[in-house]
Each structure stands twice: as structure tokens, then as C-alpha cells.
Amino acid sequence: INRTLAHVPPDARAGAGLRHIDTLVVRPSRDLREVTREHAKDVPGAVRMLLRTLGGWGRDWRLASYLLFEAAYCSELIRLGYEDGRRLRAELTEFISPRGE
């Protein structure tokens, strides 16, 4: 939407109440598929059987990542998010700080 707005004249944007919205993309420092693969042993048997039946077991671990709620896996994701947030603290702080409009 921001790219589209760049092609709209400023007076037309203002008249329609449209404005550019700043964005910040934060990605994990580790591939979450790899984290999921490391915790595959924690996937409950019934879920493992379902994933094998659907062809989603061991292929790229995306489907398993949506179904894995075991404590060790969730704790690792939380730890990773916390560490990534600390690493990006200055950038995140700048992004959420009030700006003059």
C-alpha cells in the first residue's frame, strides 16, 4: 500500500485520509524450520502419524512447526525472540519512539 501511495498525488492522499505507514520487519536470527527439526522428537505420536500421512513429516518442518506446542520447543522460540529483540533493541526503540508528524 505504501508503494501504491507513492504514486498518488499528496493532495489526493490527504483528501482521502491516506498516509504512508512506517514498517519494520523483524526476522528470527535462526531458521525456525531448523529449530523445529531439532525438536521433532518431542512431537506427539498422533501428530507425527498425521504429518506422515499428509506428507509433511521431515520435508521442510513448516507444518510441524504449527502443531508443535511442547514446552521445550516453545521455550526455545521464546528465548530466541528475546535474544533477537535484545540484539535489535536500538532499532526497535527508534521505530516505536514518537516522531514529529
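Helices (H or I, at least four residues) and strands (E, at least two) are DSSP runs, numbered from the N terminus. By that rule, this chain has seven helices and zero strands. Read along the sequence, the pattern is α-α-α-α-α-α-α. The radius of gyration is 21 Å, well over the 13 Å that the globule rule gives for 101 residues, so the chain is more spread out than a compact globule. That radius is taken over C-alpha atoms, and the globule rule is 2.2 Å times the number of residues to the power 0.38.

This is a predicted model: local features need pLDDT of at least 70, side-chain atom pairs count only at pLDDT 80 or more, and totals for chains, interfaces and linings use all residues. Residues are numbered from 1 along each chain as its sequence is written, and side-chain values use heavy atoms, with hydrogens and water left out.

**Whole chain**

- The C-alpha atoms fill a box of roughly 60 × 30 × 15 Å, taken along the principal axes.
- Of the 101 residues, 16% count as buried. Buried means under 20% relative accessible area, exposed means over 50%, and partly exposed lies in between (1.4 Å probe, protein chains only).
- Contact means heavy atoms within 4.5 Å. Among contacts with a separation of 6 or more, 64% come from residues 24 or more positions apart.

**Surface and charge**

- The accessible surface comes to about 7,900 Å². Carbon and sulfur atoms hold 58% of that surface. The areas come from the Shrake-Rupley method with a 1.4 Å probe; for residues, only the protein chains shown count as cover.
- The chain has 17 positive and 14 negative side chains. Lys and Arg count as positive, Asp and Glu as negative; His and the chain ends are not counted.
- The centres of the two charge sets lie 3 Å apart. Each charge is placed at NZ of Lys, CZ of Arg, CG of Asp or CD of Glu.

**Histidine 39**

- Histidine 39 sits in the loop between helix H3 (32-38) and helix H4 (45-54).
- Its relative accessible area is 8%, so histidine 39 is buried.
- Leaving aside neighbours within four places in sequence, histidine 39 touches Leu68, Ala72, Tyr73 and Glu76.

- H4 is hardly covered: among its 10 residues, the count of buried ones is one.
- Leucine 50 belongs to helix H4. Its relative accessibility is 42%, so leucine 50 counts as partly exposed.
- Leucine 50 and alanine 64 are 14 residues apart along the chain, and their C-alpha atoms are separated by 10.0 Å.

- Tryptophan 61 lies in the loop between H4 and helix H5 (62-67).
- Its relative accessibility is 12%, so tryptophan 61 counts as buried.
- Its phi is near 70°, a positive value in a residue other than glycine.
- Rings of Phe, Tyr and Trp (its six-membered ring) pair if their centres lie within 6.5 Å; planes under 30 degrees apart count as stacked, over 60 as edge-to-face and the rest as tilted.
- The count by this rule is one aromatic pair. The rings of tryptophan 57 and tryptophan 61 have centres 4.9 Å apart and planes at 75°, so the pair is edge-to-face.

**Threonine 4**

- Threonine 4 is part of helix H1 (residues 2-5).
- Its relative accessible area is 52%, so threonine 4 is exposed.
- Histidine 20 is 16 residues away along the chain, and its C-alpha atom is separated from that of threonine 4 by 9.7 Å.
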